[in-house]
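User: Please take a close look at the sheet shown here and the aromatic contacts of the chain. I would like the geometry with its cut-offs.

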Amino acid sequence: QVQLVESGGGLVQAGGSLRLSCVASGSIFRINRMGWYRQAPGKQRELVADITPEGRTNYADSVKGRFTISRDNIKNTVYMQMNSLKPEDTAIYYCNADYLDGVLRRAEHWGLGTQVTVSS
């Protein structure tokens with residue numbers, strides 16, 4: 001019913017950049033908070049950044065100054081520009097959205113993830 005589709009992952013060298021996108025579709029009345037999370041093998045899933053409809057942002061300390069989250073409320077899309085990538089950024093990146101569905105019930109949904117690999 002509801003889909004979050006991530007794109008933009010890939011393989012880059014250390015110091016390079018990627019821009020992730022996540023498009024929400026389906027029975028959604030309004031998207032509230034959207035965020036990016038990541039999970040490396042053997043590690044916990046962690047919040048990378050999130051953003052409110054008003055544009056207030058929050059970042060993990062490890063990515064401050066390097067990553068920038070943004071959103072387009074008309075397109076129901078959240079982006080994350082990732083600069084100065086490091087090998088330790090290697091992970092599967094997941095999009096998450098908190099939203100009101102078509103009958104105004106609060107729900108959340110996860111994308112399937114996109115792989116980011118940073119080589120040294």
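Analyst: Strand pairing and ring contacts

Strands S3 (residues 18–26) and S8 (residues 77–82) run antiparallel and are joined by six bridges. Strands here are DSSP runs of E, at least two residues, numbered from the N terminus, and two of them pair if DSSP finds at least two bridges between them. Within this pairing, leucine 20 has methionine 80 of S8 as its bridge partner. Both strands belong to an open, antiparallel sheet of four strands in the order S1-S3-S8-S7. Its edges are S1 (2–7) and S7 (67–72), each pairing on one side only.

The model is predicted: local features need pLDDT of at least 70 and side-chain atom pairs pLDDT 80 or more, while totals for chains, interfaces and linings use all residues. Numbering starts from 1 along each chain as its sequence is written, and side-chain values use heavy atoms, without hydrogens and water.

The whole structure holds one aromatic pair (ring centres of Phe, Tyr or the six-membered ring of Trp within 6.5 Å; planes under 30 degrees apart stacked, over 60 edge-to-face, the rest tilted). The partners are 73 residues apart, in S4 (residues 28–39) and S10 (residues 106–110) respectively. Tyrosine 37 is buried at 16% relative accessible area, and tryptophan 110 is partly exposed at 30% (buried is under 20%, exposed over 50%, partly exposed in between; 1.4 Å probe, protein chains only).

Tryptophan 110 also has the charged end of arginine 45 over its ring, 4.6 Å from the centre. That charged end sits over the ring of tyrosine 94 too, 3.8 Å from its centre (NZ of Lys or CZ of Arg within 6 Å of the ring centre and within 35 degrees of the ring normal).
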